[in-house]
Amino acid sequence: MEKYLGIDMAISNQDFNVKPSGDISAVSGRSCLAQDLLHALTTPKGSLLWHPDYGMDVYKFLKMPGTPINKLQLRQEIKQTVEADPRVEIGSTQVMIAEWDMNKICCKVSTQVIGSIWCWGMACMIFQGSW
């Protein structure tokens, strides 16, 4: 199952993790899936030249009030983005919005990996900034 979840370069704070030897660190398995999902959720849609449909327009929500309809739309966009990953079970993603103001949105996200009992979850994903 771990091989199915992939291997990729390790990234933190929008930069590669570099070992003392100068090599770039790698992530695999569950860590790879978690990194990929977080990257998809925090990459502005259309910002990757060769992948214009990749990412999510989460930062537009920071300019909106936390009305029930806006919260519903944000939950739907997060679900769509997470479930676009072929390693994720369609219909398994749960999103809870814990906090919303004009500067910050805090969401709790969980989803199920295809063919596994393992779930990915992020306790609190915070979107901040003036985008």
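**Figure 1. Contacts of leucine 48.** Apart from neighbours within four places in sequence, leucine 48 is in contact with Thr43 and Tyr54. The model shown here and in the other views is predicted. Leucine 48 belongs to the loop that runs between helix H1 (30-42) and helix H2 (68-83). Its relative accessible area is 30%, so leucine 48 counts as partly exposed, the class that lies between under 20% for buried and over 50% for exposed.

**Figure 2. Packing of helices H1 and H2.** The axes of H1 and H2 are 9 Å apart, and the two helices pack at an angle of about 135°. H1 and H2 are therefore oblique to each other, since an angle would have to be over 145 degrees to count as roughly antiparallel. In the predicted model, the crossing in which H1 passes H2 is right-handed. On the H1 side the contact is made by Leu37, Ala40 and Leu41, and on the H2 side by Ile78, Thr81 and Val82. Of the residues in this contact, five are nonpolar and one is polar, with no charged residue.

Figure 3. Leucine 41 is a residue of helix H1. With a relative accessible area of 0%, leucine 41 is buried, as the cut-off for this class is under 20%. Leucine 41 and isoleucine 78 are separated by 37 residues in sequence, while their C-alpha atoms are 7.0 Å apart in space. Both residues take part in the contact of H1 with H2.

**Figure 4. Elements of the chain.** The chain has two helices and seven strands. Read from the N terminus, the order of the elements is β-β-β-β-α-α-β-β-β. Of the 131 residues in the chain, 35% are buried. Among contacts between residues at least 6 apart in sequence, 43% join residues at least 24 apart.

**Figure 5. Confidence along the predicted chain.** The average pLDDT of the chain is 85, and 88% of the residues score at least 70. Confidence is highest in H2, at a mean of 96, and lowest in strand E3 (residues 15-16), at a mean of 68. Where pLDDT is low, the predicted coordinates should not be read in detail.

Technical notes. Residues are numbered from 1 along each chain as its sequence is written. This is a predicted model: local features need pLDDT of at least 70, side-chain atom pairs count only at pLDDT 80 or more; totals for chains, interfaces and linings use all residues. Side-chain values use heavy atoms; hydrogens and water are left out. Helices (H or I, at least four residues) and strands (E, at least two) are DSSP runs, numbered from the N terminus. Buried means under 20% relative accessible area, exposed over 50%, partly exposed in between (1.4 Å probe, protein chains only). Contact means heavy atoms within 4.5 Å. pLDDT is the predictor's confidence in each residue, from 0 to 100. Axes are lines fitted to C-alpha atoms, for helices over the stretch in contact, and angles run from 0 to 180 degrees between N-to-C directions. Angles under 35 degrees count as roughly parallel, over 145 as roughly antiparallel, 65 to 115 as roughly perpendicular and the rest as oblique. A crossing is left-handed if the near helix is turned anticlockwise from the far one by less than a right angle, and right-handed if clockwise. Ala, Val, Leu, Ile, Met, Phe, Trp, Tyr, Cys and Pro count as nonpolar, Asp, Glu, Lys and Arg as charged, and the others, Gly among them, as polar.
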